[in-house]
Amino acid sequence: MANKQTNAFNTSIREMSVSDLTAKIKDDQLRLKKLEFAHAISPLENPMNIRTLRRDIARLRTELKKKEMGI
C-alpha cells in the first residue's frame, strides 16, 4: 500500500510548477518542525510520520532541482 501512495505522490509532484513546489516545501518544513517539537515534548503516537515527511521533502527538493536544471 505504501508503494501505491509513493507512486501517486511522485506523479503528483511531477505535475507541479516550480512555485507550487517551493510553497509545498516550505509548508512541509514548517509541519516537520512542529512534529519534531511535539515529539520532543511528548512522544508521538506514530513517530514514523516524521520519517515519511522528511522523505517527502527530499522528493520535493529533488523534483524542484530537476525542474530548475531542465531535466
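**Figure 1. The order of elements along the protein chain.** From the N terminus on, the elements run α-α-α. The protein chain has 3 helices and 0 strands. This is a predicted model. Helix 1 covers residues 2-14 and helix 3 covers residues 48-69. Helix 2 spans residues 18-41. Along the principal axes, the C-alpha atoms fill a box of roughly 45 × 25 × 15 Å.

Figure 2. The accessible surface comes to about 5,500 Å². Carbon and sulfur atoms hold 54% of that surface. Of the 71 residues in the protein chain, 20% are buried. Now take the contacts with a separation of 6 or more: 66% of them join residues 24 or more positions apart. The protein chain has 15 positive and 9 negative side chains. The centres of these two sets lie 4 Å apart.

**Figure 3. The largest nonpolar core.** Which residues make up this core? They are Phe9, Ile13, Leu21, Ile25, Leu60 and Leu64, 6 residues in all. Helix 1, helix 2 and helix 3 each supply at least two residues of the core. In soluble globular proteins, nonpolar side chains tend to be buried together.

**Figure 4. Phe9 and its contacts.** Phe9 is one of the residues of the largest nonpolar core. What does Phe9 touch, not counting residues up to four places away in sequence? The answer is Asp56, Arg59 and Leu60. Asp56 and Arg59 return in the next view, as a charged pair.

**Figure 5. The salt bridge between Asp56 and Arg59.** A search of the whole structure finds 3 salt bridges. In this one, the closest N and O atoms of Asp56 and Arg59 are 3.1 Å apart. Asp56 and Arg59 are 3 residues apart in helix 3, so about one helical turn separates them. Buried or partly exposed: how does Asp56 count, with a relative accessible area of 17%? Asp56 is buried, because buried means under 20%. Arg59 is partly exposed, at 28% relative accessibility.

Figure 6. Side chains of opposite charge can pair when their charged atoms come close. Here, Lys24, Asp28 and Arg31 are linked in a network. Lys24 meets Asp28 in a salt bridge of 3.5 Å, N to O. Asp28 also meets Arg31, at 3.6 Å, N to O. Lys24 and Asp28 are 4 residues apart in helix 2, so about one helical turn separates them. Asp28 and Arg31 are 3 residues apart in helix 2, and again the separation is about one helical turn. Lys24 is partly exposed, with a relative accessible area of 27%. Arg31 is partly exposed too, at 46%.

Figure 7. Asp28 sits in helix 2. Why does Asp28 count as buried? Its relative accessibility is 3%, and buried means under 20%, so Asp28 counts as buried. Which residues does Asp28 touch, leaving out those up to four places away in sequence? They are Leu53, Ile57 and Leu60.

Technical notes
Residues numbered from 1 in each chain as written. Predicted model: local features only at pLDDT ≥ 70, side-chain atom pairs only at ≥ 80, totals over all residues. Heavy atoms only, no water. Buried < 20%, exposed > 50% of the residue type's maximum accessible area, 1.4 Å probe, protein only. Contact = heavy atoms within 4.5 Å. Areas by Shrake-Rupley, 256 points an atom, 1.4 Å probe, with all protein chains shown as cover. Lys, Arg positive; Asp, Glu negative; His and termini not counted. Charge placed at Lys NZ, Arg CZ, Asp CG, Glu CD. Core = buried A, V, L, I, M, F, W, Y, C linked by side-chain atoms within 4.5 Å. Salt bridge = Lys/Arg side-chain N within 4 Å of Asp/Glu carboxyl O.
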